[in-house]
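I opened this entry to look at nonpolar packing and aromatic rings. My notes follow the model below.

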Amino acid sequence: MPSSVSVNAADLTLAPSTPGLPGNTAYTVRLASTIADTSGRVLGNAYSTSFTTAPQAWNVTSTIVASVAASTPGGAQPAAEADSLGNVTAVWHYNNPQANGTNPDTLFMARWDGHSGTWGLGGNFYEAAGASYIGNLSVLAGPNGDAYAIWMEGSVLKFARYSAAQNTWAFQQVSITPAGMIPDPPGPLVADSNGNLTVLTTGGTVGQIELFETTYNGASGTWSAPAEILIPSTFSGTTSINTQGMAVDGQGNITAAWYQSATLSEPLVATHYDAASGTWTPFQQLDPNVSTGLYNTVSMALDPTGVVTIAWTHSGGLAGNPNAEVSRFDPSTATWSASTQLDSGTGALGAGTPAVAVDPAGYATVAWFQYEGVFASRFNPTTQSWTAAQRVSAAGATPNSPAAVTADSAGNVTVVYVDGFSHRAVAIEYEVSGGQWLAPVMIDTPSGGATPIFSNLPVTVSDPSGTVTAVWYAEDSAHGPSLDLLTANQFK
């Protein structure tokens, strides 16, 4: 655990660099026998002491962070990110009715202050022009409590940087394809340890699809011109590309994957950018035919060595069910592993919407949905193998939206989803100390004994102390005017 050491007279203080420590985790502090005081006297005998942090738990009731009047077309999944200080920035958009009868698509913000332990509502901070709609919202944490957000407004990419010191947003319009070319929606925003950002997008016409990279320099606060990284002939016969997944390490090495829509197939393709050489690897097809529609998701995460784990849904074709599959990219050899099917293949309607998280020790966890419930598998970096699929939810807990999966610094894992029958937000914890999944817990119970209301579209983030924050929409039409509520709970 990264820590700082200070000495004051006879007192030695060891302070972790994180806001706190993950719960239910054993720690040992060791002092070497050669440690000396200011007079040169050595300790003589090695000393050690151990302690275990208290178990974490979800708050008994959820918190309504903000409410907006329900309107059409309605809100989208909120975006959230936690920083190294324990702050959480949540951003969402919604049609905001005005007195003049207009309903501009509007961005809202709320911040969890890791120091005071309270939510602060930043309110609406941006309105789309005219009848434009906001889409493809992505949020990242920046240095010193700052945050970044990007979104599409019509066919234009907008960027905003939040200054925690000034509590203000600064806005830029970003060119992500050459002039005259209408861009497709971008992939997720990613950042390296220096605050440099990268976004990928596609543009062109049928048979002339191109993939572009645009980067943000954290020091200068400027965006580069879009650079073509894939030539049109790469996508011969391709009608569209969807950049579904990206991951970046602290040095700026990037792994990207996307679906290509072709006449007879929908392959999953990946590439890797090496920051030292400034080059992209040859593009590799990971799956000749992926599943689309409800199951059309790609999830990526990397470990501290830069190894990337990617999970997706393979199409079973007309005669078969979809499957949850994974592959791993090793940057030291620039190779992808053969794909591994995680589900047993016996599910009534197959498997889909896998989500992956990786802890600092390199253990990966993938959770996915089947008609029979939520299932999970874990990757052991020592044995280089995946465990057998295990149902971790209650039987038949059919979700109605993709799960959110996070792993903390101690290796504990949280899975949050919305049950398709009860419409309740549910959390399942993997406890690394006991090596087991715990019983599912409802986390959306309102305060004051109120009746639970419909929950939707959860996202989760974990800060360095192991605190997990879940944020989701809840719909309330039973207590007066119909409202959409941004709701949160924390596991701490």
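Which residues do ring pairs link into a cluster? I found Phe-125, Tyr-126, Trp-151, Tyr-162, Trp-169 and Phe-171. The model is a predicted one.

**Aromatic pairs**

I searched the whole structure and got 22 aromatic pairs. I looked up Phe-125 with Trp-169: the pair is stacked, at 4.3 Å centre to centre and 10 degrees between the planes. Phe-125 sits in strand 9 (residues 118–127) and Trp-169 in strand 13 (residues 168–174), so I note a link between distant parts of the chain, 44 residues apart. I checked burial as well, and both Phe-125 and Trp-169 are buried.

**Nonpolar cores**

I turned to the largest nonpolar core, which has 18 residues. Ala-80, Val-88, Trp-92 and Leu-486 touch the most other members. Among the elements that give two or more residues to this core, I listed strand 5 (63–69), strand 8 (105–113) and strand 41 (483–491). Strand 7 gives the most, with four residues.

Another core, of 17 residues, lies apart from the largest one and includes Ala-367, Phe-369, Ala-403 and Val-405.

How values were computed. Residues numbered from 1 in each chain as written. Predicted model: local features only at pLDDT ≥ 70, side-chain atom pairs only at ≥ 80, totals over all residues. Heavy atoms only, no water. Core = buried A, V, L, I, M, F, W, Y, C linked by side-chain atoms within 4.5 Å. Buried < 20%, exposed > 50% of the residue type's maximum accessible area, 1.4 Å probe, protein only. Phe/Tyr/Trp six-rings, centres within 6.5 Å; stacked < 30°, edge-to-face > 60°.
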